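Let's take a walk through this model together. Have the sequence and the coordinates open as you read.

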Amino acid sequence: MKVRIGHLYPDYLNIYADRGNIAVFARRAAWRGHELEVEEMGMDTRVAPGAHDLYYVGGGQDREQALVARNMAAKAEGLKDAVVGGAAVLAVCGGYQLLGRFYRERSGVELPGVGLLPLHTVAGDRRMIGDVLLECELEPGRRRTLAGFENHAGRTILDSGAQPLGRVVSGFGNDGESGFEGCRVGRVVGTYLHGPLLPRNPWLADWLLAQALAHRTGETEAPELEPLGDALEAEAHAVSASRARARGGRYS
Ligand code: GLN
């Protein structure tokens, strides 16, 4: 099957090798006999609901976020319709912040967000930097860990009742206070975790790919993907997780 990815603002929002997440989707899809078709979506590209199975957006400095924010907010209706239609989304750090209602920079300038995730972000004085370890339960009863790297000034506040992506085992997470990281609404996942994220967390890559395949086939239930060896990925995860534990940070 051909899995269609819409990569939002790859020329602006791509730091800490975030682009590497696309390579992981491509390899893991190919190892199951699927093909990945990636459309780079910039300022002039319109979102056509149904045209993509998964949208991806990476992180970026305040400067790059300010350059794309209004253009991305103008794509809000298309993105919301696409998600209502069952498309999946992975958003990392600066991209994650812009999926909320707004990102307020340290200067007080407020960048408009897409409003796809029930949250807002306010930049603080001190950056939250280092390795992170989370405990997640995207599927009820199936607890897994996510390991990655964070570097952000933004403090993200989830609306009450909103579902975080995971509980912080070690690191700062959304705001260095709540003990939670990221946000998840159905097939939409937002996180502060760079790295890139997916090479050391293949289960999340497969979970998102399965959501994208379900959208492609019109299924409500995501298919179970054939497991892969993942020995190298497991090692990368273990190294990242042990660095996070060693580093400690607010919640070690
Ligand atoms: N500029 C945003 C912040 O500092 C996001 C940073 C990032 O994407 N790493 O919070």
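**From a helix to the ligand**

Alanine 23 counts as partly exposed because its relative accessibility is 45% (buried is under 20% relative accessible area, exposed over 50%, partly exposed in between, with a 1.4 Å probe and protein chains only). Before going on, note that this is a predicted model: local features need pLDDT of at least 70, side-chain atom pairs count only at pLDDT 80 or more, and totals for chains, interfaces and linings use all residues. Residues are numbered from 1 along each chain as its sequence is written, and side-chain values use heavy atoms, with hydrogens and water left out.

Alanine 23 sits in helix α1, residues 20-30 (helices are DSSP runs of H or I, at least four residues, numbered from the N terminus). Leucine 36 is 13 residues away from alanine 23 in sequence, and their C-alpha atoms are 9.6 Å apart.

Now look inside. The largest nonpolar core holds 64 residues, and Phe25, Tyr55, Leu99, Leu146 and Leu204 have the most contacts inside it (a core is a set of buried Ala, Val, Leu, Ile, Met, Phe, Trp, Tyr and Cys residues joined through side-chain atoms within 4.5 Å). Helix α5, residues 202-217, supplies the largest share of this core, with nine residues.

Finally, the ligand. It has 16 residues around it, the closest being Gly60, Asp62, Gln65, Cys93 and Gly154 (a heavy atom within 4 Å is the criterion). A ligand nitrogen lies 2.6 Å from a side-chain N or O atom of aspartate 62, and a ligand oxygen is 2.9 Å from a polar backbone atom of glycine 154.

Definitions and conventions. Helix = DSSP H or I, 4+ residues; strand = E, 2+ residues; numbered from the N terminus. Polar contact = N/O pair within 3.5 Å; in protein donor to acceptor, adjacent residues only side chain to side chain.
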